[in-house]
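Thanks, everyone, for making the time. I would like to talk through one structure, beginning with a pocket and then turning to a helix and the overall fold.

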Amino acid sequence: MENNSQCIHYRIRFTRAGEILHMTQPAVSRAISNLESDLDVTLMIRDRKNGIILTDIGKRVLVQLREILKGFEKMEQEIAAEKGLEIGTIRIGAFPTASAYFLPKIIRTIQQNYPNLEFDLYEGTINEVEKWLASRVIDVGIITLPNEDLEILPLYKDKMVAVLRDDHPLQDQPFIRINDLDNEPLIICKGGNELPIIDTFNKTGTNLQVKFVVHNTSALLNMIQEGLGLAILSELSLTTLPPNVHVRELEPQVVRDINLAIPSLKESSLAVQLFIKTAQELFGCSAPKK
């Protein structure tokens, strides 16, 4: 029964690939087998537990094949542009806050002038966005962390603020100095918020006491509401606040850099370059609000 179930699982995977390629499932299987035979390497393993898994060489070949396909797509875009047409697909990856704040306006602006361009959107953690860029699943990503393996283009400076409950001793101050937070129990939200906080505490000689680490803003705000500590969050991530939770400015000001990331600007397609140009015109290096 297990073997039969696993065969069905494989067939579903290959059937889906066949639908995309307009091929039958057996034809897809034969094409992969023929490619492995021609290359004299194993590109994928049929694993009973995890399904179809790419081998190490399979992963490297996949990156190269995606580069080849993007090269064809880039050539098609160049030819279309020469004829006064704009075609192509832009594959974009972003963490949820950036996806909600930046992408709708960028896409609307592009589609007003270039309605034939298409968009594939991928939403995940910053680490996932970086992996998608490395494996060439996406063309351009929005990240906050520095990455030496990618070409980084500054996009936006996101101001950080203190978030605390209305009965906290620091609540009555018009702004909160970083030194006021010495040994104060903080709740840290992962995903690009932590690095500017750590850097600022180190520069000001303030002791950072992390009481809890969470992975989403909603959980963090609920914990503040329950009096479990205070937090430093980016303004972009604060769409709504619980009724007894408030925001205070920080002194000195803390910002996190939000960047566009691409494998190579020089090798990017015309459509991707248009996305980057539009994003920078709309948001490029916007200073944090005073």
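The second largest pocket holds about 410 Å³ of space, where a pocket is an open set of points on a 1 Å grid over the protein atoms alone, reached by a 1.4 Å probe, with protein on both sides within 12 Å along at least five of seven lines, and the volume is the space filled by probe spheres set on those points. This is a predicted model, in which local features need pLDDT of at least 70 and side-chain atom pairs count only at pLDDT 80 or more, while totals for chains, interfaces and linings use all residues. Residues are numbered from 1 along each chain as its sequence is written, and side-chain values use heavy atoms, without hydrogens or water.

The lining of this pocket comprises 19 residues, counted when an atom lies within 4 Å of a point, and those nearest the centre are Thr125, Lys190, Gly191, Gly192 and His215. Helix 4 (96-101) and helix 6 (126-134) are the elements that give two or more residues to this lining, helices being DSSP runs of H or I with at least four residues and strands runs of E with at least two.

Turning to helix 2, residues 25-39, its 15 residues reach 21 Å from first C-alpha to last, close to the 21 Å expected at 1.5 Å a residue, taken over one less than the number of residues. Its buried residues, those under 20% relative accessible area with a 1.4 Å probe and protein chains only, are Ala27, Val28, Ser29, Ile32 and Glu36. Just after helix 2, Asp40 takes a positive phi of about 60 degrees.

Overall, the protein has 9 helices and 12 strands, and 43% of its 290 residues are buried.

Conventions. Buried < 20%, exposed > 50% of the residue type's maximum accessible area, 1.4 Å probe, protein only.
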